[in-house]
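Subject: Structure handover

Hello,

Here is the structure we spoke about. Please open it alongside this note; my findings follow below.

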Amino acid sequence: MHPRITISPELREWILATTRAGHGVPDVLRLMKENGYDPRQSRSIVAEVLKLPLAALHASTGKVAPQGLRTTHPQAPQVTVDGHTIEIPISVEAPALRVLEGLLTAQECAELIRLAQPRLQRALTVDTDGRNQVDDRRTSEGMFFELNELPLIGRIEHRLASLLGIPANHGEGLQILHYLPGQAYEPHFDWFDPQQPGFGKITAVGGQRIASVVMYLNTPEQGGGTAFPEIGLTVTARRGAAVYFAYETGDPSSLHAGLPVLRGEKWIATKWLRERPYRQPKQS
Ligand SMILES: O=C(O)CCC(=O)C(=O)O
Ligand SMILES: [Fe+2]
């Protein structure tokens, strides 16, 4: 499948002209970075324009494949774990992605929201100016549970571990996010870019992220799906369902976004998985 990336005619022409003039891919990527492009997106763009396999670009940029465990992608039509049956109505191969229906019960969703709510509100008071900036929003309306913090959290983590064939201690603490109308999560990758200066520090414990599970704790009245723009897929946010996707060596097709909530609100729980056991650093 060809990724659908929007590339302006000017950028396309510049990439072609630059390579025609004898510059290699690393030069093009460096120049794009200097001009403010996200290196991960630049690789997708250059691969698309030059009709190169992305793997070739990863090799040419010296990207090192993360070492460690990989998740097992659950297989359709359904998987039963811990006596709990999860339906898989949609599977995608690139990126490796599954829609998981009935991952959480309605009761578990309600309980997660109830437990998270007081901790979120404390954070929300900081954000009194009502600005809808993505970065602000992400910290002001989010909270983390510690790994296995409560029996409910431990049970969900065990279910995910069994479903994906990876020990629960490879997971970061469950993150809860709350979106209000108009709020969204801009397109991003969950994996860490090895070319970022902070990469070594972020991955010192647990290594690279290899997969994510975004669990919907309610059904927004309108909007709020999770979009995968490179493959033209939007997963509907529905209570108890989830989207699992894996990106292993940094798959650019895993680009995704939380679409704006148009009516109602949206609650999600996100689990990020690491290639090695992860211990959440104490938050000061
Ligand atoms: O809100 C969504 O649908 C996506 C959330 C997400 O991408 C994340 O938590 O990493
Ligand atoms: Fe994400």
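Start with the open sheet of 8 strands. Its order is β1-β2-β3-β11-β7-β14-β5-β4, and the pairing is antiparallel. Bear in mind that this is a predicted model. β1 (78–81) and β4 (142–144) stand at the edges. Each has a single partner strand, so one side of each is left without a neighbour in the sheet. On average, neighbouring strands of this sheet are turned by 25° against each other, direction ignored.

A helix packs on this sheet: α7, residues 151–164. α7 touches β1, β2, β7 and β14. The direction of α7 makes about 130° with that of β1.

Strand β2 covers residues 84–92 and strand β3 covers residues 96–101. They pair in the antiparallel sense over 4 bridges. Together they form a hairpin, with 3 residues between them. Two pairings to look up: Glu87 stands opposite Glu101 in β3, and Ile90 stands opposite Val99 in β3.

β3 also pairs with strand β11, residues 242–246. These two run antiparallel and are joined by 5 bridges.

Next, the backbone in the loops.

- Ala76 and Pro77 are joined by a cis peptide bond, with omega about 5°. Pro77 lies in the loop between α4 and β1.
- Asp82 has a positive phi, near 50°, and is not a glycine. This residue sits in the loop between β1 and β2.
- From Ala94 to Pro95 the peptide bond is cis, and omega is near 5°. Pro95 is placed in the loop between β2 and β3.

On to the ligand. Which residues surround ligand 1? The shell consists of Leu177, Tyr185, Asp190, Ser212, Val214, Thr226, His256, Gly258, Ile268 and Thr270.

An unreviewed UniProt entry carries the annotation "domain: Fe2OG dioxygenase" over residues 170–275. Across residues 170–275 the chain is 4% helix and 42% strand. The end C-alpha atoms of that stretch are 7 Å apart.

Finally, the domains. The domain assignment of the chain gives domain 1 (9–60) and domain 2 (78–274). Their contact takes 6 residues from domain 1 and 6 residues from domain 2. Which helices each supply at least two residues of the side of domain 1 that touches domain 2? They are α3 (39–50) and α4 (54–60). α3 gives the most to that side, with 4 residues. The residues on that side of domain 1 divide into 2 nonpolar, 2 polar and 2 charged.

That is the handover. Please send back any comments.

Best wishes

How values were computed
Residues are numbered from 1 along each chain as its sequence is written. Chains are lettered from A and ligands numbered from 1 in the order in which they are written. This is a predicted model: local features need pLDDT of at least 70, side-chain atom pairs count only at pLDDT 80 or more; totals for chains, interfaces and linings use all residues. A residue is near a molecule or strand if its C-beta atom, placed from the backbone, lies within 6 Å of it. UniProt positions are given in the numbering used here, feature names are shortened, and annotations may be inferred rather than shown by experiment. Domain bounds come from an automatic or database domain assignment. Two residues are in contact if their C-beta atoms, placed from the backbone, lie within 7 Å. Ala, Val, Leu, Ile, Met, Phe, Trp, Tyr, Cys and Pro count as nonpolar, Asp, Glu, Lys and Arg as charged, and the others, Gly among them, as polar. Two strands pair if DSSP finds at least two bridges between them. Axes are lines fitted to C-alpha atoms, for helices over the stretch in contact, and angles run from 0 to 180 degrees between N-to-C directions.
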